[in-house]
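Let's walk through this one together, starting with the overall surface and working down to single residues.

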Amino acid sequence: MFARFLKDESGATAIEYGLIAALIAVAIIGGVTALGTQTGNTFNVVAAEIAV
């Protein structure tokens with residue numbers, strides 16, 4: 001029974017999937033943040049040009 005427990009890798013697979021999902025989430029958050037900042041800057045430039 002102990003040898004079967006040592007060979008069981010289902011928990012390790014779940015942890016790997018969790019780490020991959022976390023990495024993807026961090027990448028998405030970084031991309032959306034950068035895109036949001038750039039979009040905000042663009043709107044500020046357009047608003048400044050319209051105000052002139």
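Accessible areas here come from the Shrake-Rupley method with a 1.4 Å probe, and for residues only the protein chains shown count as cover. On that basis the chain has an accessible surface of about 4800 Å², with 73% of it belonging to carbon and sulfur atoms. Keep in mind that this is a predicted model: local features need pLDDT of at least 70, side-chain atom pairs count only at pLDDT 80 or more, and totals for chains, interfaces and linings use all residues. Residues are numbered from 1 along each chain as its sequence is written, and side-chain values use heavy atoms, leaving out hydrogens and water.

Now for the overall form. The C-alpha trace spans about 80 × 5 × 5 Å along its principal axes. The radius of gyration (over C-alpha atoms; the globule rule is 2.2 Å times the number of residues to the power 0.38) is 23 Å, whereas a compact globule of 52 residues would come in near 10 Å. Secondary structure amounts to 2 helices and 0 strands; helices (H or I, at least four residues) and strands (E, at least two) are DSSP runs, numbered from the N terminus.

From glycine 36 to glutamate 9 it's 27 residues in sequence and 40 Å in space, C-alpha to C-alpha.

How much of the chain is buried (under 20% relative accessible area, with exposed over 50% and partly exposed in between)? Buried residues make up 0% of the 52. Isoleucine 20 counts as partly exposed because its relative accessibility is 47%, and glycine 36 does so at 41%.

Note on methods: Buried < 20%, exposed > 50% of the residue type's maximum accessible area, 1.4 Å probe, protein only.
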